[in-house]
Amino acid sequence: AFNAKLRWVNSMVYALPFGTGHLWARDGVAAKLAGGWQVAGIMSLQSGFPFTINISGDSAGIGGGSGGILIRGNPVAGQDAQLPADRRSTAKWFNTAAFVAPPAYQFGVLGRNTVVGPGIFNIDFTLSRQIHIRERLGLEIRAEAFNLFNKSNYTQIGRIINASDYGQVNSQLAPRQLQFGAKLTF
């Protein structure tokens, strides 16, 4: 259930070429104002996690209790579980008509982890500046954006056929968050 087939995480840090010892604005007021800046980022791309379509309850009569999730669904012939991207929504992430509950006193024949959930696209970004005050005294200021483009990254999809949230998006990762900070070094 935790097998994301594809995952790519790339990070970078780049010191902007301004200020003393750099390509542009090497001296004077321009060096003092423009020097010491850097940008950093982390990009994460990942395919979705697989999940299993189940039935809540003990329709097979095995003594699993009413709250158990022991029975799997049955696939419907001719129905594809994946919806085209333009037909997906938070109310219906996959084709719910592709699965049905098995008849009473039977287990479903659907395999484990047969549906793949939504993937992740995320970029975190930082802009920071090191300010030299004295020989051993400095100040770092920074602005950080987590989920910079405010992309909805869904994480959990309703997978229980006889539940009210079947096929719906139940949760997502955090939306864009901004953070500002300062650190005195000595």
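**An exposed leucine, a buried asparagine and a ring cluster**

Leu-23 sits in the loop that runs between strand E1 (7-15) and helix H1 (28-34); helices (H or I, at least four residues) and strands (E, at least two) are DSSP runs, numbered from the N terminus. This is a predicted model, so to speak of local features a pLDDT of at least 70 is needed, while side-chain atom pairs count only at pLDDT 80 or more and totals for chains, interfaces and linings use all residues. Residues are numbered from 1 along each chain as its sequence is written, and side-chain values use heavy atoms, with hydrogens and water left out.

With a relative accessible area of 52%, Leu-23 is exposed (exposed is over 50%, buried under 20%, partly exposed in between; 1.4 Å probe, protein chains only). Together with Phe-18 and Trp-24, Leu-23 makes a nonpolar surface patch of about 310 Å². Patch members have over 30% relative accessible area and no salt bridge, and nonpolar side chains (Val, Leu, Ile, Met, Phe, Trp, Tyr) are joined within 5 Å, like charges within 9 Å. A salt bridge here is a side-chain nitrogen of Lys or Arg within 4 Å of a carboxyl oxygen of Asp or Glu.

Asn-147 also belongs to a loop, the one between strand E10 (137-146) and strand E11 (154-157), but this residue is buried, at 5% relative accessible area. Setting aside neighbours within four places in sequence, Asn-147 is in contact (heavy atoms within 4.5 Å) with Asn-122, Ile-123, Asp-124, Asn-153, Ala-174, Pro-175 and Arg-176.

Then there are the aromatics. Rings of Phe, Tyr and Trp (its six-membered ring) pair if their centres lie within 6.5 Å; planes under 30 degrees apart are stacked, over 60 edge-to-face, and the rest tilted. That rule gives four aromatic pairs. In one of them, Phe-94 and Tyr-166 have ring centres 5.5 Å apart and planes at 80°, so the pair is edge-to-face. It ties together distant parts of the chain, 72 residues apart: Phe-94 is in the loop between strand E6 (74-75) and strand E7 (99-100), Tyr-166 in the loop between E11 and strand E12 (169-172). Phe-94 is buried at 1% relative accessible area, and Tyr-166 counts as buried at 13%.

Of its 186 residues, 31% count as buried. The C-alpha atoms fill a box of roughly 85 × 35 × 25 Å along the principal axes.

Definitions and conventions:
Accessible areas come from the Shrake-Rupley method with a 1.4 Å probe; for residues, only the protein chains shown count as cover.
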